[in-house]
Each structure stands twice: as C-alpha cells, then as structure tokens.
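Dear colleague,

Please find below the structure that I am handing over to you. My notes on what was found in it follow directly after.

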Amino acid sequence: MDWLGGWFGTADFGLGRLVLQRGVAAIFVIAFVSGALQFPALLGEHGLLPVPRYLARVVRLPGPTLFRWRYSDRLLRAVAWTGAVLGLSVVAGLPQRGPAWVPLLVFAAMWLLYMSIVNVGQVFYGFGWEILLLEAGFVTAFLGSDQTTTPAITLFALRWLVFRLEFGAGLIKMRGDPAWRDLTALYYHHETQPMPNPLSWWFHHLPKPLHKAEVLGNHVAQLVVPFFLFAPQPVATVAAVVIIATQCWLVLSGNFAWLNAITIILAFSAVSTPALAVFPAGAAGAGTAEGVLGMPAWFAVVVLAMGVLMLALSWWPLRNLFSRNQVMNGSFNRWRLANAYGAFGSITRERYEVVVEGTAGDPETGPWLEYGFRGKPGDPGRMPRQFAPYHLRLDWLMWFLALGSPGLNWFVPFLNKLLDADPATLKLLRRDPFGGERPAWVRARVFSCRFTTWRQRRETGDWWVREPLGDFVPPISRSG
C-alpha cells in the first residue's frame, strides 16, 4: 500500500538508514567479539565473578537472559559468535535486501542475545554504552529494508535517543562538578580520564584559554544543539553535523569504548540526504535519495506500535532529565528501553593508578615485577594506545578501583588468578613478567600519576610521572 509510505515514511533518508543499520550492527559486532574474548575470564564458570554463582544467589535479575536457567562458557561463546555473525550480515547489507521483516528479526535477535549477556554481566557490564547499544539496536530494527521507505517514526525515536544522550550528559555536568560551570574541567580531564589515548597528552597541554573554549563548545553542543534535531531541514542536518563533529573531537582525545562511535551513527537519524547540499562537500551526493517506495500495512502497524511504546516509556527518562536527583546511565524497565544517560558529572583533579606486581622471591627483598595492562597507564615510557571502540573491561574497572570504588570482590580473585598463572586471565593483560610461570607473591600498590611536562618529555621520553603512595593490597601468596 504505497499511500502508507507517504504517511509513515520519507524518501530523504536513504543515507541515514544505511549508516544507522550498518553502523549499529558494526557496534554489535564489536560488543559480541568483546564478550567472546573477555567474558569467560571475567565472568565465566571459572571467572572473577562467576555467572553460575551470581545466578544461584540473585533473587531477581535486572532483565531477561538466556542464561537464567543454564550458563556455560560454551553457551556464552555460542551466543556471542552468533550475534557477531548476525551483525556482520547487516554490515554486508544482506538482510536489507529482503522484506522489512528480515532486518527486523535480525536486529531483534542481536538485541535479545546481547541483553542476555548484559543482564548477567554484573559490574563488568555496568557501563552506560551497554544499555545505549541495546536501545539503539531495538529502535534500529524498525528502519525497514531496501524494499520499503524509511519510517519517519523510527527516525524520530532515534533522534529522541540522541537528545536524551546529549542533553542528559549536558545537564549532569551543569548540575555536578563546578569545573564544568567555570569552564576549567579540561584542565584535568584529558589527564585523569579512564583511558587516555595517543593524543591525550597533547590535548592536555593545549593552552588553558582553548580548554575553556572547548568546554563552552561542549555545553552548546549538549545543551542547545540537541533541540534543533527536531527542527525542519536543513536545520536538523546542521545540528546533527555539529554533534558528529563534537564526537569526532572526543574520539581524537580519549578511549570511551563505542560511546562516541554510536553517538555519531545515531546522529545520522537527522541527516537528510537533500539537506547535505548546504555543505560544499555534500552537494555531489545530495541526489541519492531512496526514490518512491511503499510500506506494507503490517510493517506500518508494527512501526506505529513501537512509536507508541517508546512514547509511553519516555515519561520516566523525561521526568529524570528535570529531576534534581538526575540518574546517570540507568534503566527504568527490564527491557533496557528509554534509558537515562550521562557522563562525567564530576571531574577527577588527580590521577591514581593501582599497579599490580609479583615476585618469585622473598616479599621483603623482591625483586618485584610489574604486570602490564593493555590500556590503562603503566610503564611511564609507554605511549597510551588507541583501543576504542573496543572495550577493555578489566582496564576500565582498574580506573574505578583507583578512585576508591568498591571492587575487592573481583580484584582479590584477580590477584589469586595471577598467583595461579591462570592462562585465561593472563590473556587479558599485555605483559606477564613471569612468562606464564607462577609468582610466589603478588601485591598491589597505589601511585599518583600525571602527564610529564614538555621539558620532562624531551629529557626523559616518558609520558607519565609516577610516585608511590602506599600499598593497596599487601603481598599475598597462594598459602596466605
């Protein structure tokens, strides 16, 4: 029924749909691969926080999961690799060639499979971008296929998601740390963020007036620009481009898993192909609209039902945005839909690192050798690496641990795994100083950590200056 396409769809978002479907699917692939490679060591049958033990003691899970009745590492890997294959099929454009129900079912499967992982992931999956991916995956399922026009309701639901993501992050900053209000937050952020990247040192040493200009620009991008996502074209496209540019700046300066990448992708929900003509580089491709396509009546009804559902669920995050006790990165229902988002409501002024060491000798005399992590700062002479959009879960938890967040329930088991030279745990690390052999003792110490100055960098070649502050966990052995 072609008339339904006119009421429910738009022919101006062919590029947007292509980026949204393939981009969100690509993030799913990264998330599933991360789960297949890291989950067993962190949360598996013999992990740091074993899922079977968690399932045995928890009364009510945070949401539905395929592992409610049975968990095994083999089943986890099957779920993860199945999800990755489904994601790759969308990246290749295969489901989009069929009727609208094909990509709908593929995205629904990825959503359910990844939700199964997140809902037993405990603290290792307690990040805002996990529920962001789930909500994005659910809504993206209703974008149709190459045989249908792009549903306008779905595009507006995705813009509403971007609005909550950006505006929520802006509000949590303004309500939180005064450093955001006096524009000094970036005096510290690049140095103290969870996982600096190769350019973070350079960003940290930019002139302070430029740091203030960055913060001011961030406030405009998060507190003003999101409203224009719902404006007529080409204004909505311009707003989306501003958000995309801001997120690209964040990609250059830090490692935030797939948070920035998926925000860039979701912003394409407001990018109209004809409106790209307002940009010099976009004029050439401005004529690549979908053309006139129809929409099956059943699919229009399904999309409308999704829109009504998201509208009803949006009461809770909308109320949260204007609450004095604004929740950051939280779900209001078990299906991880219409969530609250936000990031960095407070800024750490000083950086602390927990350094893990082992010795094959006496704990009093050592020598103590340091375990190397993949992403978190360690060796002062090692340049920070780029890992995003891949998510190093252990490294992120080590940052929270150094801030004083509770974590001994997983950290002490981690130390015991090092004492046993557990191969799965050692694969999470960059360097095992004992070459797979068991140390006699391990310990954890706290260091203050800051970027070197320009002069120190020239003289020593180091990126960091570290100073020991004391023991975090005193030496322990297998017999102790």
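Leaving aside residues up to four places away in sequence, tyrosine 114 touches Phe28, Ala31, Phe32, Tyr125, Glu130, Leu133, Leu134, Trp258 and Arg393. Please keep in mind throughout that this is a predicted model.

Tyrosine 114 also belongs to the largest nonpolar core, which has 118 residues. Together with Leu266, Trp410, Phe411 and Phe414, Tyr114 is listed as touching the most other members of that core. Helix H2, which covers residues 14-43, gives the most to this core, with 13 residues.

Arginine 393 forms a salt bridge with glutamate 130, and the closest N and O atoms are 2.5 Å apart. Arginine 393 lies in helix H16 and glutamate 130 in helix H6 (residues 128-140), so this pair ties together parts that are 263 residues apart in sequence.

Are these two partners buried or exposed? Arginine 393 has a relative accessible area of 0% and is therefore buried, the cut-off being under 20%. Glutamate 130, at 0% relative accessibility, counts as buried as well.

The buried residues are Arg393, Leu394, Asp395, Trp396, Leu397, Met398, Trp399, Leu401 and Ala402. After H16 comes glycine 404, which has a positive phi, near 100°.

**Other salt bridges**

How many salt bridges does the structure hold? There are nine, and the bridge between arginine 393 and glutamate 130 is one of them.

Another joins arginine 164 to glutamate 135, with the closest N and O atoms 2.4 Å apart. Because arginine 164 lies in helix H7 (residues 152-175) and glutamate 135 in helix H6, the pair ties together parts that are 29 residues apart in sequence. Arginine 164 counts as buried at 2% relative accessibility, and glutamate 135 counts as buried at 0%.

A further salt bridge brings together the side chains of arginine 466 and glutamate 370, at 3.1 Å from N to O. Here the partners are in strands: arginine 466 lies in E8 (residues 464-477) and glutamate 370 in E4 (residues 369-370), so the pair ties together parts that are 96 residues apart in sequence. Arginine 466 is partly exposed, with a relative accessible area of 22%.

**Cysteines and a surface patch**

A disulfide is a covalent bond between the sulfur atoms of two cysteines. The structure holds zero disulfides. As for individual cysteines, cysteine 248 is partly exposed, with a relative accessible area of 36%, whereas cysteine 449 is buried, with a relative accessible area of 5%.

Finally, there is a nonpolar patch on the surface, formed by Leu216, Val220, Val224, Phe227, Phe228 and Val235. Together these residues have about 510 Å² of accessible area. One of them, valine 224, lies in the loop between helix H11 (208-223) and helix H12 (235-253). Valine 224 is partly exposed, with a relative accessible area of 41%.

With kind regards

Definitions and conventions:
Residues are numbered from 1 along each chain as its sequence is written. This is a predicted model: local features need pLDDT of at least 70, side-chain atom pairs count only at pLDDT 80 or more; totals for chains, interfaces and linings use all residues. Side-chain values use heavy atoms; hydrogens and water are left out. Buried means under 20% relative accessible area, exposed over 50%, partly exposed in between (1.4 Å probe, protein chains only). Helices (H or I, at least four residues) and strands (E, at least two) are DSSP runs, numbered from the N terminus. A disulfide is a pair of cysteine sulfur atoms within 2.5 Å. Patches are made of residues with over 30% relative accessible area and no salt bridge: like charges are joined within 9 Å, nonpolar side chains (Val, Leu, Ile, Met, Phe, Trp, Tyr) within 5 Å. Accessible areas come from the Shrake-Rupley method with a 1.4 Å probe; for residues, only the protein chains shown count as cover. A salt bridge is a side-chain nitrogen of Lys or Arg within 4 Å of a carboxyl oxygen of Asp or Glu. A nonpolar core is a set of buried Ala, Val, Leu, Ile, Met, Phe, Trp, Tyr and Cys residues joined through side-chain atoms within 4.5 Å. Contact means heavy atoms within 4.5 Å.
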